[in-house]
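Please keep the sequence and the model in view while reading.

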Amino acid sequence: MVVKLQRPILVGGLGLSFVLWLFSSLQDSLVQVGEVSLLSLIIVGGGLWFLKQNRVPTTIESVENLPRDRATVVSEISQAEVVVNCLANEAENHPLLTNLRQQVSNLETEIDRNEIKLAVTGGKSTGKTTLIQTLAANWQPGINQAVSFEETAPLFIQDATNLKGIFASNDYVLFLVNGDITSSEYQFLQQLKTNNHRTTLVFNKQDQYSPDERTSIFLSLQQRMSGNVITTSAAPLPIKVRQHSDDGSFQEYLEQPAPDTEKLQQHLLDVLTQQGQQLVWATTVRKARLLKFEAKNSLNTLRKERATPITEQYQWIAAAAAFANPVPALDLLATAAINAQMVMDLGNIYQQKFSLEQAKTVAAEMGGLMLKLGLVELSTKAIGIVLKSNAVTFAVGGVIQGVSAAYLTRIAGLALVEYFQAQEIAIDTGNALNLDKLRQTLQNVFQQNQQISYLQGFIQQGVKRLLPETEITLDHTPA
């Protein structure tokens, strides 16, 4: 059977095969041992350099940061439960609440689960079904827990199902390949590592390659996976056998070799014996974090719905104040009292309770950040340019300052909301702000809300509030 090698090991594999052949030939034909050794080292070194240049540069290492004790897992579940309880306190009839509480209850049982779950995954036609059947038929458990296998849908095809839940529920992943890993496979392995999944790469169907090709692929995979590679042949191809008789005749027939999965079985037995309990705990921690993330998203959505009208209220209060008392350059500190009250109100929604003095400090810090980042000047100029398209409105004193004050107050409110949403859900009282994170949040929010179409719509709202009798039509002059 002719098998096409996958890049990038095609040329490298053939080169290594040539090296092995040349080495053997030189040993038989040359007498000068020193010359043979030197030439061989040069050739082999060149072959290994070629393989190194063509492999994926980053190395995937085994995930070792498993929970060391039960208390760690209990703590993760407790953190998730805190968020669920916060959601219940703020919306006792939330549609997801029943399901979230059930998940918390399930996690408390999950800690002591007496079954190891293994996911078998990989691309299409990598032998997942056959490998599971072979392992299940020949499994000789030497551990206390039961073992179950779950096959995923083939990866990297358009109609592949969402596998997030499958991987979250399994304790260990066997990732099957039939040759050197592709870029898509490598990226998927990195995602598994990032999500703290213990994974072994299984080079299946190795019998379909020549010995030299098999060695080349195996060495390449070991380099990428830091040695965490097991070779198998769950369903070896039949071998043609020729049986000779004494009279010189012969008979040919196909013989089916036995599956070659002993190394994988021993590897799994070692892993599960040494780390079985920790693997179950790691799965429980993953589920707890996913639950916490889901509950936090629901809580943040609810809180943002409450925060939006507060931000809008204070942006128009700031606009009226600046419009009534226009200054040549907008000074955010002039509206510090307004912004401080907004900080307090938004903080109350996100359980970040500030005193009035703390809120004034936060407002002043945000004002200072806006000035340092140049947001005040940029927004005022942009709004002024847009308003120039309407001479009547532009001529009215204080409009630019009023609209700019509203816009910057809105940016401050949106930035605070985004900043609070990124924090851990807990009952806090006026925590000091992380200015570096707040600065980055302000920049991000400003960039997201400075498009010309958004500015025009916002300016129209502002002018209607400040000059209700004025008709305004804005062109599409870039800001």
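Does K360 count as buried, partly exposed or exposed? With a relative accessibility of 37%, K360 counts as partly exposed. The residue belongs to helix 11.

**Overall composition**

The model is predicted. Its secondary structure comprises 16 helices and seven strands. The protein has 479 residues, of which 45% count as buried. Where residues at least 6 apart in sequence are in contact, 79% of those contacts join residues at least 24 apart.

Five strands form an open sheet in the order 2-1-3-4-5, and their pairing is parallel. The edges are held by strand 2 (146-151) and strand 5 (229-231); each has a single partner strand, so one side of each is left without a neighbour in the sheet. From one strand to the next, the twist averages 25°.

In general, strands of a sheet pair through backbone hydrogen bonds, in either a parallel or an antiparallel sense.

| Strand pair | Sense | Bridges |
|---|---|---|
| Strand 1 and strand 3 | parallel | five bridges |
| Strand 3 and strand 4 | parallel | five bridges |
| Strand 4 and strand 5 | parallel | three bridges |
| Strand 6 and strand 7 | antiparallel | six bridges |

Y172 in strand 3 has L118 opposite it, while F175 has L201 in strand 4 as its bridge partner. Further along the sheet, V202 stands opposite I230 in strand 5.

Helix 5 (residues 128-138) packs on the sheet and touches strand 1 (115-122), strand 2, strand 3 (172-177) and strand 4. The direction of helix 5 makes about 165° with that of strand 2.

How many of the residues of strand 3 are buried? Six of its six residues are buried, and the strand is mostly covered. In a regular strand, side chains alternate between the two faces of the sheet. Within strand 3, Y172, L174 and L176 point one way, V173, F175 and V177 point the other way, and all are buried.

**The hairpin of strands 6 and 7**

Strand 6 (residues 239-244) and strand 7 (residues 250-255) run antiparallel and are joined by six bridges. Within this pair, K240 stands opposite L254 in strand 7. The hairpin has five residues between its strands, and G248 takes a positive phi near 95° there.

**Two loop residues with positive phi**

Most residues other than glycine have a negative phi. N196 has a positive phi near 65° and is not a glycine. The residue sits in the loop between helix 7 (183-194) and strand 4. Is N196 buried or exposed? The relative accessible area of N196 is 15%, so the residue is buried, the cut-off for that class being under 20%.

Q351 also has a positive phi, of about 55°, although it is not a glycine. Its place is the loop between helix 10 (336-349) and helix 11 (356-373). Because its relative accessibility is 15%, Q351 counts as buried.

**The contact of helix 14 with helix 16**

Helix 14 (residues 399-422) packs against helix 16 (residues 452-466) at an angle of about 120°, and their axes are 10 Å apart. That angle makes helix 14 oblique to helix 16, since angles of 65 to 115 degrees would count as roughly perpendicular and those over 145 as roughly antiparallel. Helix 14 passes helix 16 in a right-handed crossing.

Which residues of helix 14 meet helix 16? On the side of helix 14 they are V399, G402, V403, A406, Y407 and R410. The residues they meet in helix 16 are Y454, L455, F458, I459, G462, V463 and L466. The residues of this contact divide into 10 nonpolar, two polar and one charged.

Note on methods
Residues numbered from 1 in each chain as written. Predicted model: local features only at pLDDT ≥ 70, side-chain atom pairs only at ≥ 80, totals over all residues. Heavy atoms only, no water. Pairing = 2+ DSSP bridges. Helix = DSSP H or I, 4+ residues; strand = E, 2+ residues; numbered from the N terminus. Axes fitted to C-alpha atoms, helices over the stretch in contact; angles between N-to-C directions. Contact = heavy atoms within 4.5 Å. Parallel < 35°, antiparallel > 145°, perpendicular 65-115°, else oblique. Left-handed = near helix turned anticlockwise from the far one by under 90°. Nonpolar A, V, L, I, M, F, W, Y, C, P; charged D, E, K, R; others polar. Buried < 20%, exposed > 50% of the residue type's maximum accessible area, 1.4 Å probe, protein only.
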